[in-house]
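This report covers a few local features of one chain. Consult the sequence and the coordinates alongside the text.

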Amino acid sequence: MSPSTTPAGPLQRRVTDQLAQFRRDGVYKQMLYLESPQAARVRMEGHGEVIILSSNNYLGLSDHPAVMAAGKAGIDRFGAGTASVRFICGTFTIHRELEASLAALVGTEASTSFVSCWNANEALPATILTANDIILSDQLNHASIIDAMRLAKAITKCETGVFGHGDYADLDRKLAAASDKDVKLVVSDGVFSMEGSIVDLPALLAVCRKHGALVWLDDSHATGVLGPGGRGTAEHFGLVGEVDLITSTLGKALGGAAGGFAAGSAAVCDFLMQRARPQLFTNALPATVAASALEAVRIVRAEPGRVAQLRDNAAYFRGRLVELGFRPLPGDTPIVPVILGETAAAIRMSELLLEQGVFVTGFGYPVVPQGEARVRCQVSAAHTRDDLDQALDAFARVGRELKLVQ
Ligand SMILES: Cc1ncc(COP(=O)(O)O)c(C=O)c1O
């Protein structure tokens, strides 16, 4: 039987025309296929061995033998499928264990897992807010938070607003104007993934406390990364236990498979379990993923040396890049963006780097503001000095070819 095709018509014409336009604009995303696990070096179809400097595998746990073994044991014990929604057909004990360990890691009373952090983010405000509440979001927050706000507004009729990036004077004004609201919720990324910068949590907490507002952090790029024990943004600032709500992903430092969670008080987490639509109308995390994430959390707790290694690697890479004449955005995280201006320049640089055996993605508008296209490097604890030096040599060669450095 031949595959079905969409009949010629307005939809088919629209998507075909737009795809052609993406190609003409040089913004079409070419998929690159990997033939080996996520690691410091991978085998990429058509390119051979490549150093990956663009993955969220911050702690090198994606192919860690114990994380993989835990996933296999999880499938052996609980099977391949969850087969329905948790409250309908039963919750695996591994989910309860995972949720307790995640809450302990980030320093909250409880947590509720979701199949992705995207889902956790969409679930949170749309479930806990009502019509006389307001949610205010940092201008540079992740796309999932932007969509979560749209959804919350449509579902709950709450008010939504945006404050300037890290502009807490603006937030202060907006919270003062919202003094009649029942719940005031303020959301920020812990680490801004396109900038590699860290939220000023003490300042954010001070403004929110002044107005009786709750703080929600999305710590997807901070869990396993920030703080001496990898416990996230709160630990980085010595403020564990002070953040009201935390969402984060299992798809980055914590094994990198998939999954996310919302963490906070036991009552809020229970309420999410009772009422969140992405909990009530979709299957739970596969048990194999829950098991490997649980092992990843155990490793983070037992081996803080990995987090220290990540920090050392990031500082080394950033420092050497500056010595080569590049001007990465300043920061203290393993995300090291180099601004190039036009989208086509960022894509060109990433293509040339790939020819040199280094995989770094170029990002352009609309992911980042117009004129601020960049290549974004992400360092991992799994990178050896040799990996980083080889990548830096490639940066030097490509930088000279593009006349970015001398
Ligand atoms: C800040 C932030 N929040 C949420 C997500 C979504 O995470 P997940 O892949 O678990 O849906 C991401 C992933 O890119 C992210 O960077």
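In which hand, left or right, does α14 cross α15?

The model is predicted. In it, α14 passes α15 in a right-handed crossing. On the α14 side the contact is made by Met349, Leu352 and Leu353, and on the α15 side by Ala394, Phe395, Val398 and Glu401. By class, these contact residues comprise 6 nonpolar, no polar and 1 charged.

Helix α14 covers residues 343-355 and helix α15 residues 385-401; their axes are 10 Å apart and meet at an angle of about 130 degrees. That angle makes α14 oblique to α15, because angles from 65 to 115 degrees count as roughly perpendicular and only those over 145 as roughly antiparallel.

## Sheet

An open sheet is built from 3 strands in the order β1-β2-β13, with mixed pairing. The edge positions belong to β1 (41-44) and β13 (358-359); each has a single partner strand, so one side of each is left without a neighbour in the sheet.

Strand β2 spans residues 48-52 and pairs with β1 in the antiparallel sense over 4 bridges. Within this part of the sheet, arginine 41 stands opposite isoleucine 51 of β2. Pairing of strands in a sheet runs through backbone hydrogen bonds, either parallel or antiparallel.

## Glutamate 97

Glutamate 97 is part of helix α4, residues 93-106. Its relative accessible area is 45%, so glutamate 97 is partly exposed, as the limit for exposed is over 50%.

Leucine 294 is 197 residues from glutamate 97 in sequence, yet their C-alpha atoms are 7.6 Å apart in space.

Methods. Residues are numbered from 1 along each chain as its sequence is written. This is a predicted model: local features need pLDDT of at least 70, side-chain atom pairs count only at pLDDT 80 or more; totals for chains, interfaces and linings use all residues. Side-chain values use heavy atoms; hydrogens and water are left out. Two strands pair if DSSP finds at least two bridges between them. Helices (H or I, at least four residues) and strands (E, at least two) are DSSP runs, numbered from the N terminus. Axes are lines fitted to C-alpha atoms, for helices over the stretch in contact, and angles run from 0 to 180 degrees between N-to-C directions. Angles under 35 degrees count as roughly parallel, over 145 as roughly antiparallel, 65 to 115 as roughly perpendicular and the rest as oblique. A crossing is left-handed if the near helix is turned anticlockwise from the far one by less than a right angle, and right-handed if clockwise. Contact means heavy atoms within 4.5 Å. Ala, Val, Leu, Ile, Met, Phe, Trp, Tyr, Cys and Pro count as nonpolar, Asp, Glu, Lys and Arg as charged, and the others, Gly among them, as polar. Buried means under 20% relative accessible area, exposed over 50%, partly exposed in between (1.4 Å probe, protein chains only).
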